[in-house]
Amino acid sequence: MGTELAVGLPTLEPTGHLLLALPVMMICCLLAGRVSVRLGQPPVIGEILTGIALGPSLLGAVWPEGQHWLLPADMLPVINALAQLGLVMFMFLVGYELHLGHVRDRGRTAILVSNVSIAVPLLGGVALAFAMYHRFAAKDVGFPAFALFIAVSVSITAFPVLARILTDRGIDRTPVGALALTCAAVDDITAWCLLALVTALAKGGSPLSVLLTAALTLAFICAVWFGLRPLLARAVHRLPSSRGTLPLLLSGLLLAAFTTDWIGIHPIFGAFLFGSVLPRDSAVVAGAVDKMRSLTLVMLLPLFFVQSGLNTEFRLIGADPVLWGWCALITAVAVLTKWAGSAGAAKLTGFGWQDSVSLGALMNCRGLTELVVLGVGLQLGVITPTVFTMLVVMTLVTTMLTAPALTLIDRVSARRTHAAPRTEMVMK
C-alpha cells in the first residue's frame, strides 16, 4: 500500500493513477451524459461539462490537492497521448459515418444552402477576428491564420451530434432533417479543409512551404480517393472476419494519420479521409468499425473531454465584465450568422418559414466537433488559453440552444396553425 499524504490521499505510482483516473472519467462522462439526456440535451453536453468539472475550473478551484492527485503533472503527457489517439479514432468514425451520397442526392438545393450557411459565418468570423486580433492573438501568430481560425470556429456544425438530435426527435427522415444532415456534411468537409489551411499557415512559415504543404495534401487526397478507395471496394469481399479486419483498419487509419502529420497538417485529417473511403456495404468492415467505436466512445473519448477541460480555465475570464462581454459577442456572431445564413438560404430555395428557421437552429449545433477544432487551434498556438475558454463558452451555449430552440419553433408554429382559422372567421 502507498504512503499517506498530508491531505489523506495515498501516494500512487503513475500506472496506479492512470488505472484509477480512467474509470473515474468514464463513469463521470456516462452519468453526466445520461443526466443531459433527461434534461433534453445531447449526451455530449454532459461529457463536455464533465471534462470542465475535472479540470482547474471546478475541481482545481474547489479542491486543488485532489485535482492534482487525480491528474498529477507527470500523468498529463500520457493522458494527452491517449486523448490524441482517441481524437484520431473518433475522426475516423466521423469520416466513416459521413455518407457523401447524401450530398449528391440532395442536389443543387443542398449545395446552395450549405455554401451560404458556412459563407455567412465565415465572413462574420473574419470581422470578429479584426476586432479581437490585437487584444487576444498570441504574439507570433499572423492575422491570416488567426482570422481564418476564428472564422472556422464560428462556422462549424457538429455532424455527429446533429444526427443524434435529429434521430432522438424523429425528424431525421423529414425534408428539413435530411437537408440539415446534408448541409452539416458539406460544412464539416469545408471546415476540415479550411482547418488544414490554418494548420499549414501556422506550421509552414514561408509562403513556399505553405504551398508545398498544400500540394502534398492534395496529392495525398487524390491518392486515397482515386487509388485506395477503388482498391478497398474491390478487396472488401476478401477480408477476413471482423476480428481479423480490425488490425488492418487500425493500421490503415494510423498510417493515414501519420502521413498527414508528416505532411504538416493535423493527424485527424488522415484518419478522417481514411474513414470516408471505406466501403459502407461490407458487414465485415461494419463489424470491425463497431468494435473500434466501442473502445473510442467509452474509454478514449472521455480522455479527450478531460484534456479539453484541463485547457479550459474560467479563472482566465473570472469576473471581468469586459471578457464576458467578448464571450457574449463571439456567441452572438456565431448564432446570428449561422442562423441567418442557413434560414435565409433555405427560404430562398422554397422552404417554409418554420422549416427554414428550424434548419437555422439545427445548423447552430456545434458540440464535440467544435471542441476538436478548438483543441487543434490551442495545440498549434493559433489561439491562447483565454480565447480557447471563450470559444468553449460559445460551444456550450450554441449546442444547448439547439433542442430548446426547436421546441419553441414547434410551439409557435402550432399556435399560428390554431389561430389561422379563427382569424379567417373574424374577417368574414
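E313 and R315 form a salt bridge in this predicted model, with 2.4 Å between the closest N and O atoms. The two partners fall into opposite classes of accessibility. E313 has a relative accessible area of 16% and is therefore buried, the cut-off being under 20%. R315, at 62%, is exposed, because this value is over 50%.

The structure holds two salt bridges. The other pair is R293 with D290, where the closest N and O atoms are also 2.4 Å apart. R293 and D290 both belong to helix 13, which spans residues 283–311. They are three residues apart there, so about one helical turn separates them. D290 is partly exposed, with a relative accessibility of 42%. As background, side chains of opposite charge can pair when their charged atoms come close.

| Salt bridge | Closest N and O atoms |
|---|---|
| E313 and R315 | 2.4 Å |
| R293 and D290 | 2.4 Å |

The cysteines come next. A search of the whole structure finds zero disulfides. For C28, the nearest cysteine sulfur belongs to C29 and lies 7.1 Å away. C28 is partly exposed, at 30% relative accessibility. C183 is in no disulfide either, and the nearest cysteine sulfur, in C365, is 14 Å away. C183 has 0% relative accessibility and counts as buried.

The contacts of M91 include W192, I268, A271, F272 and V372, with residues up to four places away in sequence left out.

L212, L216, F258 and W262 make a nonpolar surface patch of about 470 Å². Two elements each give two or more residues to this patch: helix 10, residues 207–235, and helix 11, residues 242–263. L216 lies in helix 10. Its relative accessibility of 32% makes L216 partly exposed. Membership of a patch requires over 30% relative accessible area, so L216 passes that cut-off at 32%.

Definitions and conventions: Residues are numbered from 1 along each chain as its sequence is written. This is a predicted model: local features need pLDDT of at least 70, side-chain atom pairs count only at pLDDT 80 or more; totals for chains, interfaces and linings use all residues. Side-chain values use heavy atoms; hydrogens and water are left out. Patches are made of residues with over 30% relative accessible area and no salt bridge: like charges are joined within 9 Å, nonpolar side chains (Val, Leu, Ile, Met, Phe, Trp, Tyr) within 5 Å. Accessible areas come from the Shrake-Rupley method with a 1.4 Å probe; for residues, only the protein chains shown count as cover. A salt bridge is a side-chain nitrogen of Lys or Arg within 4 Å of a carboxyl oxygen of Asp or Glu. Helices (H or I, at least four residues) and strands (E, at least two) are DSSP runs, numbered from the N terminus. Buried means under 20% relative accessible area, exposed over 50%, partly exposed in between (1.4 Å probe, protein chains only). Contact means heavy atoms within 4.5 Å. A disulfide is a pair of cysteine sulfur atoms within 2.5 Å.
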